[in-house]
Amino acid sequence: MPTSVADDIDILVKAKRSIAGDYSPQPDEPYMNDAQLDYFRRLLQAWKKAIHESSADTLQQLQDGPIREPDLNDRASSETDWGIELRTRDRQRKLIAKIDSALRRIEEGEYGYCEVTGEPIGLGRLIARPIATMTVEAQEAHERREKISRDD
């Protein structure tokens, strides 16, 4: 029942396996060509589907009934596990919004390019994180600015 942060990665790996075929994006082909865009579209759709399936399992467990642990310590542990599970599902709900945004960028021809600099994000980064919207450099600069803002 409890879900960990690693589950998001496992779900992405499952999605990659589900679309595995003869094609995978290669750095020696034109950037964001039709084949690459189709690959990422299918990957994002499979990832979204896998998240929905995982969420359905959680809903079913919630509907099966309340926690009925006789021991107070066991009940507290179960409630903590459910809290973690529900926070994970909330994080995945936000992830679905990012996936939808990436799918929209594919349709609009903006996918694969940094929203800050307009430079290509890079295949390696997109394969690792298909919802990336910035290059590594732009993301690092963004995080530095965020940290400075929080420190003030």
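Contact here means heavy atoms within 4.5 Å. By that criterion, residues 24 or more positions apart account for 63% of the contacts in the protein chain with a separation of 6 or more.

The model is predicted: local features need pLDDT of at least 70, side-chain atom pairs count only at pLDDT 80 or more, and totals for chains, interfaces and linings use all residues. Numbering starts from 1 along each chain as its sequence is written, and side-chain values use heavy atoms, with hydrogens and water left out.

## Overall build

The protein chain has 5 helices and 0 strands. Helices (H or I, at least four residues) and strands (E, at least two) are DSSP runs, numbered from the N terminus. Along the sequence the pattern is α-α-α-α-α. Of the 152 residues of the protein chain, 32% count as buried; buried means under 20% relative accessible area, exposed means over 50%, and partly exposed lies in between (1.4 Å probe, protein chains only). The protein chain exposes about 9,700 Å², of which carbon and sulfur atoms supply 51%. Accessible areas come from the Shrake-Rupley method with a 1.4 Å probe, and for residues only the protein chains shown count as cover.

## Loop between H1 and H2

Met-32 is found in the loop between helix H1 (6-18) and H2. Met-32 has a positive phi of about 55°, although it is not a glycine. Met-32 counts as buried because its relative accessibility is 10%.

Pro-27 is placed in the loop between H1 and H2 as well. With 75% relative accessibility, Pro-27 counts as exposed. Pro-27 and Leu-123 are 96 residues apart in sequence, and their C-alpha atoms are 6.9 Å apart in space.

## Salt bridges

Side chains of opposite charge can pair when their charged atoms come close. A salt bridge is counted when a side-chain nitrogen of Lys or Arg is within 4 Å of a carboxyl oxygen of Asp or Glu. The structure holds 8 salt bridges, including those in the table.

| Pair | Closest N to O distance |
|---|---|
| Arg-42 and Asp-38 | 3.2 Å |
| Arg-104 and Glu-108 | 2.7 Å |

Arg-42 and Asp-38 are separated by about one helical turn, because they are 4 residues apart in helix H2 (residues 34-63). Arg-42 is partly exposed at 30% relative accessibility, and Asp-38 is partly exposed at 33%.

Glu-107 is exposed, its relative accessible area being 58%, whereas Arg-41 counts as partly exposed at 23% relative accessibility. Asp-38, Arg-41, Arg-42 and Glu-107 are linked in a network of salt bridges.

Arg-104 and Glu-108 are 4 residues apart in helix H3, so about one helical turn separates them. Arg-104 is partly exposed at 39% relative accessibility; Glu-108 is partly exposed with a relative accessible area of 45%.

Arg-105 has its place in helix H3 (residues 72-108). Arg-105 is buried yet has no salt bridge, and the nearest side chain of opposite charge, Glu-110, is 5.8 Å away. For charge, Lys and Arg count as positive and Asp and Glu as negative, while His and the chain ends are not counted. Leaving aside neighbours within four places in sequence, Arg-105 is in contact with Glu-110, Tyr-111, Ile-131, Ala-132 and Thr-133.

Ser-101 is placed in helix H3 too, and it counts as partly exposed at 23% relative accessibility. The C-alpha atoms of Ser-101 and Tyr-111 are separated by 9.5 Å, the two residues being 10 apart along the chain.

## Negative patch

Glu-137, Glu-140, Glu-143 and Glu-146 form a negative surface patch. Patches are made of residues with over 30% relative accessible area and no salt bridge, with like charges joined within 9 Å and nonpolar side chains (Val, Leu, Ile, Met, Phe, Trp, Tyr) within 5 Å. The place of a charge is taken as NZ of Lys, CZ of Arg, CG of Asp or CD of Glu. Glu-140 lies in helix H5 (residues 136-151) and counts as partly exposed at 41% relative accessibility.
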